[in-house]
Amino acid sequence: MSRYRNFGLFLVLSALWGTAFVAISAGLEHLPPVLFAALRYDVAGLLMLGYAAYAVDGADGATWYPRGRDEWATAAVGAALLIAAYHAFLFVGQQHTTAAAASIVVSLSPVLTTGFARLLMPSDALSPAGMAGVCIGLVGVAVIAQPDPSNLFATDAVAKLLVFLAAASFALGSVLTRRIDASLPIETMEAWSMLGGAVLLHGVSLSLGEPFEPATWTDPQALGALAYLAVGASAIGFLLYFDLLERLGAVEINMVSYVAPIFAAVVGWLYLDEVVDATTLIGFGLIVVGFLLVKRRAIREEFGHVQRWVSGD
């Protein structure tokens, strides 16, 4: 049951975060990027703070607010890297690229996480076969992105570089929160990371002089995108993420970024008329092969479990 639970939550998280790229593209038509990200976490952080105050019952000394250096350090890493840096780079970069392309560049996260894990959390590092799987997935990303060496600084190329920096921020944050290993409840960690990240994002937005049009508040697409990102992709999505991070480790859980592009591409095609061509499908195929290599042991064990169940053993 634990295997099925983890797999089911993994798919739900992939769907939430894959479709989030589409919601970001929709919202960026009406809101400046960093302010959009800040507003998202204003809402999500307050929701999670209320939930933490309700759900954290004080057992084993747990509270709805961080206590001690390690707990505050965990929340600070989450605020600075998982929320502020990741979303500032992502939202700015996605202004000039598609939802599918952004989600595919973010799928570099397992590669980056593996590198950080080898330095900071050797217990989370992959085997040679797993590393081969991550590299095959990286080739799939390159097939889809098709970088042009003669035009690396075109607007779209710079946008993808910013999205890459977002993936690097998230990968480093994932490993560091595991390394600190504070006994901080997931709900508390999420709430304070979101609120701290929102404050940092508002600071960046103000420093950039981003404009804000009050008429945006009456636009259904902008409000719908903000609501979906705050509640679905953020409050619920990060709750699932931190739960699975404890169970699977930083490298395996960040494989979610290999599955999320499938949801992003399909929903982007249906909702935003973004093109999914044959090259994109080939790249997806390579990413799937890489994912299967990384998860080969779990898949082999599951096949054995099914065979025993069918044979009645």
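Mentor: Start with the second largest cavity, at about 50 Å³. The model is predicted: local features need pLDDT of at least 70, side-chain atom pairs need 80 or more, and totals for chains, interfaces and linings use all residues. Residues are numbered from 1 along each chain, and side-chain values use heavy atoms, without hydrogens or water.

Trainee: How is a cavity found, and which residues line the second largest cavity?

Mentor: Rolling a probe the size of a water molecule over the atoms shows where empty space is left. A cavity is a set of points on a 1 Å grid where a 1.4 Å probe fits but cannot get out; lining residues have an atom within 4 Å of a point. Here the lining is Leu 31, Leu 39, Phe 212, Thr 216, Trp 217, Ala 222, Leu 223 and Leu 226. α9 gives the most, three residues.

Trainee: What about the largest cavity?

Mentor: The largest cavity holds about 200 Å³ of space. Its lining has 16 residues; Trp 17, Phe 21, Tyr 86, Val 106 and Phe 170 lie nearest the centre. α1 gives the most to this lining, with four residues.

Trainee: How do α8 and α9 pack?

Mentor: Two packed helices are described by the angle between their axes and the distance between the axes. Helix α8 (residues 186-208) meets helix α9 (residues 220-248) at about 130°, with axes 10 Å apart. That makes α8 oblique to α9: angles under 35 degrees are roughly parallel, over 145 roughly antiparallel, 65 to 115 roughly perpendicular, and the rest oblique.

Technical notes: Axes fitted to C-alpha atoms, helices over the stretch in contact; angles between N-to-C directions. Helix = DSSP H or I, 4+ residues; strand = E, 2+ residues; numbered from the N terminus. 1 Å grid on protein atoms, 1.4 Å probe; cavity = no way out; pocket = protein on both sides within 12 Å on 5 of 7 lines; lining within 4 Å. Points joined across faces, edges and corners; volume = space filled by probe spheres on them.
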